[in-house]
Amino acid sequence: MNILPALYSLPREILSPSTNVDFLYFFACNKPAVRVRIQQRNDLVKLADWCGEYGFAFQVDDENYVCVARDIELARMILLLDGSAEPHESTLGSLLGYPPCCCNFISNIGEANIDTLAAEAATWSFVGRFRLINPTGYIEGKSLICHLPCSPKCMASLHLAERALNFIKANIHEQFFSPWLFWLKTNLEVE
């Protein structure tokens with residue numbers, strides 16, 4: 001399947017900028033699933049129609065959390081697990097395609113502390129090529145990773161960020177990738 005038509009026709013107007021990072025990974029890094037909250041009923045229909053057109057699984061829960069996945073069982077499992085009161089950070093992160101080291105790190109700090117960790121990660125020193133894994137641009141849709149790295153030197157996160165950047169480079173002239181073009185001008189040499 002040529003993935004570019006699916007990516008370009010993604011109904012971005014209904015998605016938050018951060019969700020675009022998740023979909024970049026869905027296509028560039030073969031991320032198994034994307035989980036997002038959609039508020040409007042009409043927007044749910046738009047995303048469901050897009051999934052149907054391109055053969056992706058679509059599931060929604062009672063709180064309008066949506067899972068777009070490569071198969072329906074995975075989508076169901078992700079939403080079921082996400083709604084569980086039991087600790088599920090490591091398993092959910094794994095199902096969403098995050099590196100095992102980062103999933104375990106989040107599991108150790110707990111889901112309730114993710115926002116605190118995100119604020120702490122914003123103060124980390126990402127040096128040289130590891131600047132690619134700085135998650136601080138995620139909310140604005142400019143990050144090259146869609147998860148919190150376990151450290152400012154996480155090799156698994158760097159590998160994913162480099163795959164995403166290579167995908168962007170290969171499609172540099174497409175409008176979808178404009179939020180990430182500054183990465184192509186960023187000096188990533190060791191400081």
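I began with Cys101, which counts as partly exposed because its relative accessibility is 32% (buried means under 20% relative accessible area, exposed over 50%, partly exposed in between, with a 1.4 Å probe and protein chains only). I noted that this is a predicted model, where local features need pLDDT of at least 70, side-chain atom pairs count only at pLDDT 80 or more, and totals for chains, interfaces and linings use all residues. Residues are numbered from 1 along each chain as its sequence is written, and side-chain values use heavy atoms, with hydrogens and water left out.

**Cysteines**

How many disulfides are there? I found zero, taking a disulfide as a pair of cysteine sulfur atoms within 2.5 Å. For Cys101 the closest cysteine sulfur is in Cys154, and at 3.6 Å it is too far for a bond. I then checked Cys103, which is in no disulfide either: the nearest cysteine sulfur, that of Cys102, is 7.0 Å away. Cys103 is buried, at a relative accessible area of 4%.

**The sheet**

Next I looked up the strands (E runs in DSSP of at least two residues; helices are H or I runs of at least four, and both are numbered from the N terminus). Three strands form an open sheet in the order β1-β3-β2, with antiparallel pairing; two strands pair if DSSP finds at least two bridges between them. I marked β1 (33-37) and β2 (57-60) as the edge strands, since each pairs on one side only. From one strand to the next, the twist averages 15°.

I saw α2 lying across β1 and β3, at about 165° to β1 (axes are lines fitted to C-alpha atoms, for helices over the stretch in contact, and angles run from 0 to 180 degrees between N-to-C directions). Helix α3 (residues 41-54) also packs on the sheet and touches β1, β2 and β3, where contact means heavy atoms within 4.5 Å. The direction of α3 makes about 155° with that of β2.

**Helix against helix**

Lastly, I followed α2 (residues 17-28) to α8 (residues 155-170): their axes come within 10 Å and cross at roughly 85°. That makes α2 roughly perpendicular to α8 (under 35 degrees is roughly parallel, over 145 roughly antiparallel, 65 to 115 roughly perpendicular and the rest oblique). From α2, I listed Leu24, Tyr25, Phe27 and Ala28 in the contact; from α8, Leu160, Ala161, Arg163, Ala164, Phe167 and Ile168.
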